[in-house]
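Dear colleague,

I am passing on the structure below, together with some notes on what turned up when I went through it. Please read the notes alongside the model.

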Amino acid sequence: TFCVVPYTRGNETSRSVQRILEETESLLAQGVREITLLGQNVNAYHGRGLDGRDWTLPDLIARLAEIPELYRIRYMTSHPRDMTDALIEAHRDIEKLMPFLHLPVQSGSDRILEEMNRKHTRAEYLRIVERVRKARPDIAFSSDFIVGFPGETEQDFEDTLALAREVQFAQCFTFKYSPRPGTPAAVLSEQVSEESKTERLYRLQALIEAQQRAFNLACVGRVFDVLFEKPGRHAGQIVGRTPYLQPVPVYAPQSLIGSVARVRINELTGYSLVG
């Protein structure tokens, strides 16, 4: 009820597997080694497969993983209602699928989720998180939250904080609700004041930032595969990313750009892991 995209873009469509493979091969020829499969609701993917039938997202990921030059696969943005058994199993079985899942929840209140027309409950979301973690114990989660949705009470917001504490996110995108003309939520009567929305956003951001810092601090002393992407800000430095998308600057030859190397993390500076 809050998102204008379905009204402006129309019904979901899926590109064919062949077209995605062709684009991937073109990118790989340019030196790309990691791709992200993007969609408004990417895990509802149902594109025409190489055998003429509709393929699902796990089918597509499995086929992409067969390409030797492709090192890493990610996808976003997903919807909890489309986290199928097969997709959860893909996180367990496909090594190239990175252990970092962006799974938007939007609110921790069942009442607000129903008003948002999200088609999932708080308990269902938490069960998905539990199942994915069981399949891939090293996985980390990010999410989207909207605070101040029309009619949101302080208790509804506290439910959101409680859900965030339970999941322990590695990263999140947080927003104040803003009405989009033409959407049902824009004409709901109980609009939350701007002052309350701002105050709630700050409280949620403080919690998420503390969780992100705790996750990053827990990475210090560990060894990660880092895919190096570009030169760093300082002479002799290059920057790559861990499987969890954290930036890692190291002093190493630029010949490593475009390849994966093992990096021991020595310290955390801001949001970067130094190795």
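The accessible surface of the protein comes to about 13900 Å², and carbon and sulfur atoms contribute 50% of that area; such areas are calculated with the Shrake-Rupley method and a 1.4 Å probe, and for residues only the protein chains shown count as cover. Please keep in mind that this is a predicted model, in which local features need pLDDT of at least 70 and side-chain atom pairs count only at pLDDT 80 or more, whereas totals for chains, interfaces and linings use all residues. Residues are numbered from 1 along each chain as its sequence is written, and side-chain values use heavy atoms, with hydrogens and water left out.

On the overall build, the protein has 8 helices and 13 strands, taken as DSSP runs numbered from the N terminus (helices being H or I with at least four residues, strands E with at least two). The radius of gyration is 20 Å, which agrees with the value near 19 Å that a compact globule of 275 residues would have; the radius is taken over C-alpha atoms, and the globule rule is 2.2 Å times the number of residues to the power 0.38. Of the 275 residues, 46% count as buried, where buried means under 20% relative accessible area, exposed over 50%, and partly exposed in between (1.4 Å probe, protein chains only). Among the contacts with a separation of 6 or more, 72% come from residues 24 or more positions apart, a contact being heavy atoms within 4.5 Å.

Turning to the aromatic residues, a search of the whole structure finds 5 aromatic pairs; rings of Phe, Tyr and Trp (its six-membered ring) pair if their centres lie within 6.5 Å, with planes under 30 degrees apart counted as stacked, over 60 as edge-to-face and the rest as tilted. One of them joins Phe 145 and Phe 169, whose ring centres are 5.7 Å apart and whose planes stand at 85°, so the pair is edge-to-face. Phe 145 belongs to strand 6 (residues 140-147) and Phe 169 to the loop between helix 7 (154-167) and strand 7 (171-176), so the pair ties together parts that are 24 residues apart in sequence. Both Phe 145 and Phe 169 are buried. The rings of Phe 149 and Tyr 177 are likewise edge-to-face, because their centres lie 5.4 Å apart and their planes are at 70°. Phe 149 is buried at 0% relative accessibility, and Tyr 177 is buried at 4%; together with Phe 2, Phe 149 and Tyr 177 form one aromatic cluster.

As for charged side chains, the structure holds 20 salt bridges, each defined as a side-chain nitrogen of Lys or Arg within 4 Å of a carboxyl oxygen of Asp or Glu. In the one between Asp 138 and Arg 136, the closest N and O atoms are 2.7 Å apart; Asp 138 is partly exposed at 34% relative accessibility, whereas Arg 136 is buried at 15%. Glu 194 pairs with Lys 176 in a salt bridge whose closest N and O atoms are 2.9 Å apart. Since Glu 194 lies in helix 8 and Lys 176 in strand 7, this pair ties together parts that are 18 residues apart in sequence.
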